[in-house]
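Let's take a walk through this one, starting with charged side chains and ending at a helix. Have the viewer open as you read.

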Amino acid sequence: MSEKKIFKGLSPDELRWRLDPATLPFKTTEEVEVCKEIIGQPRALSAIRVGLEIKSLGYNIFVTGLAGTGRTTTIKCLLEEIDRKKSIPNDLCYVNNFKNPDMPRILSLPAGKGSALKKDMDQLIESLQKSIPRVFESESYHDKKKETVESLREKQKKLMKHLEEKVKSEGFTLMQIQFGPYIKHDLVPLVEGKPINMEQLAELVSQGKYPAKEFAQLKEKHSALVGELEAAFKKGREIERKITTALKNLDREVVFPLIDESIQVIKERHPYPKVSEYLAEVRESLLENLDLFRAKEEEKGAPLAGLLPIAQADVFLEYRVNLIVDNKETKGAPVIIEHSPNYKNLFGTVERVFDRSGLWRTDFSRIKAGSLLRANGGYLLLNARDALLELGVWSALKRTLKTSKVEIQAYDPFYMLTTSALKPEPIEVDLKVVIIGDDYLYHLLYNYEEDFKKIFKIKADFDVVMKKNKENIAKYVSFIAKICQVDKLKPFDRTGVAAVAEYGVRLAGNKKKLSTEFNKIVDIIREANYWAVKDNSPHVKEKHVDKAIKEKIYRLNMIEDKIKELIREGVIMIDITGEKVGQVNGLSILMMGDYSFGRPSKITAETSLGRSGVINIEREADLSGKTHNKGVLILSGYLRGKYAQEKPLSMSTSICFEQSYSGVEGDSASSTEVYAILSGLSGLPLRQDIAVTGSVNQKGDIQAIGGVNQKIEGFYELCKFRGLDGNHGVVIPESNVKNLMLKEEVVEAIKEGKFHIYPVKSIDQGIEILTGMKAGKKKEDGTYDKGTLNYLVNERLRELAKKLKEFGIREEEVSPPKGKKPKPC
């Protein structure tokens, strides 16, 4: 391999994709038609359409993907499109169940008919409150009442007169005795014209003042008369009952035509079976409770000083209609977005109030609907995490979607203290529920929630990238135009549009892709407009987009600047000149949540005689993540596969991220660690002006890593500060070339030959760049050509194996027992 081939870096054209503004067929976005479609989500769109258009049970939709990819916007657009094709759902009303008041009935009526029925029932009561009292006050009613009562009263009088005459003829009189609020009739004998009760008369007999024979005769008469008295009073009570029944029948007779006529009018307006059944019960109840319409003068006490008077209860409440869902103004299928999906908001509740006596009270008029009922016949959209965090919501939602029925209950998290026995009739619902969540929640529910896969059969997965082609670039342009129009921003010129598109490619992390994280794109559009306004520019240009990106980074990169300052001051020691054995500059990336950046790290390897193999110091210190541990085991496999086929791997090598105290994760430094180990074994120094990133497999192939742009830029910034000398550069995996979207400053430095990017496919290619010596290929006999790095490594390992055998060193003497960490110094 020639030296020129080894050190050949990438050309500037390979470092960044550029959109030539001259290729855009407009001057500003004012000339562009605004976006009217969903961009970059064909898979998710297809899934959502399937879920919305299949009417079978369980085809609800769970939407996954990163926030900002247009999940909510997409669903809204699709729902509005389908909404126009669907009919308006019914109104829902709760009415009193006269047979069982604890179980109110539900009436489902065509849109607008619910409010009409409510109004008709209110007018019915209002009309009857005026007309029925007039009937009771009419002269004809009083004449009929008088005639009915007098005929029965006459019989009662004759009966009592006959009884009184007989009592008197037998020497008794009929007296009334008061017992508290009650009056008792009793027979008392007359002695010398004066009434004396039987007890007093018995006392006189015992004193000899009254003849015993006459007393005995009086007792016999008394017993006989008491029987007749009871029979007479029984007949009298029967007459009273007849009077009450007659009066009641009279009331029904005179009022029935009035009530029946009003009910018939409502029936004709609402010709529905359940309404007819309800109105029949209303008519019967009204006829049974006509006393409600009689004028009553209630005593109204003055309220206490400083307090408002207590409102009077509605005595006709049981005849009212509780309209819980009114679709009178609804156009098409309802689309409800529930931002606060707690139990009450989703499923409704049965409210309770204090009555005048201070006790809790509730009735059918206190039933309130939730979002599920308001979305009946349409669509309900809610957030998965919010719903799962609310008490009782998930179990109730599962039950509703499995049975297609909503049961409204009082929300009682402390159910032992509940006072409501109301059980409203369940309501059948037909709606689609769309839940927005993420992949973690979806798989958690799918694997551990038995019913989840039955009720959410459609998964709509939103992608974060889309293909970069002319069609999608045109959609990006129309999207920019739409944001400018909606937010009333300055129009973007060609250069500004090109800069936004290039930013989208940078976010995507692939020169062949565009980002669909439109929330981030919109932020840059708005912030670029801000800087254009500050600049008094009529259009948003490339420099304004660049300014917006730089300012956004400046707001977020304080930690990055602090680390750079420590490196510049020498607190964090990084060498970027010269050569050193067993030391190489690795590149790591720090994730700060809303910002990520690359930083160089010094990686060292120390090799000695022994059998411990590769010792991961980060792991021994509990600072290594699982993926980093795997990377170290893989590089150990690479060393064994390449150098320990004819001899044991008789070495102990410790590798370390110097001045790293917060933990290491990922395998992107595994190739860097191999280079440090090979340098320590061969004795060849490594270039410090070149940083390295890339993971390795057991065959020595260099694999792609993440954050390649940030890593390169992090090392470039350090080299720039200390002075670029034309030798600085970064070794990256060749498979990451397609991910390069470097800053213009870095591209210009490479164009001028001040900085270099070296793509490699294998460890051998990388070590040649770092040492300047050929790696060397393995011959059939397992050896390497002299003058190559692999020859030096192989010979050094052979020497270590020979020395280990020569001195007979046991493993226990050169390394700590398995599972035991060395004691700290």
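Which kind of contact do the side chains of E620 and R619 meet in? Keep in mind that this is a predicted model. The two side chains come together in a salt bridge, at 3.7 Å from N to O. E620 has a relative accessibility of 27%, so it counts as partly exposed. R619 is partly exposed too, with a relative accessible area of 48%. Elsewhere, salt bridges with shared partners link K398, K402, E449, D451 and K454 into one network.

How many salt bridges does a search of the whole structure find? The count is 43. One of them pairs R555 with E527, whose closest N and O atoms are 3.2 Å apart. R555 sits in helix α18 (residues 542-556) and E527 in helix α17 (residues 518-534), so this pair ties together parts that are 28 residues apart in sequence. Another salt bridge joins the side chains of K543 and D535, at 3.2 Å from N to O. Of that pair, D535 is partly exposed, with a relative accessible area of 39%.

Which residues of α2 are buried? They are A44, L45, A47, I48, G51 and L52. These cover an arc of only 165° around the axis, which puts them on the same side of α2. The spacing makes sense, because an α-helix has 3.6 residues a turn and residues three or four places apart point the same way. On the face turned away from that buried side, you'll find the exposed residues P42 and R43.

Technical notes:
Residues are numbered from 1 along each chain as its sequence is written. This is a predicted model: local features need pLDDT of at least 70, side-chain atom pairs count only at pLDDT 80 or more; totals for chains, interfaces and linings use all residues. Side-chain values use heavy atoms; hydrogens and water are left out. Buried means under 20% relative accessible area, exposed over 50%, partly exposed in between (1.4 Å probe, protein chains only). Helices (H or I, at least four residues) and strands (E, at least two) are DSSP runs, numbered from the N terminus. The arc is that of the directions from the helix axis to the C-beta atoms. A salt bridge is a side-chain nitrogen of Lys or Arg within 4 Å of a carboxyl oxygen of Asp or Glu.
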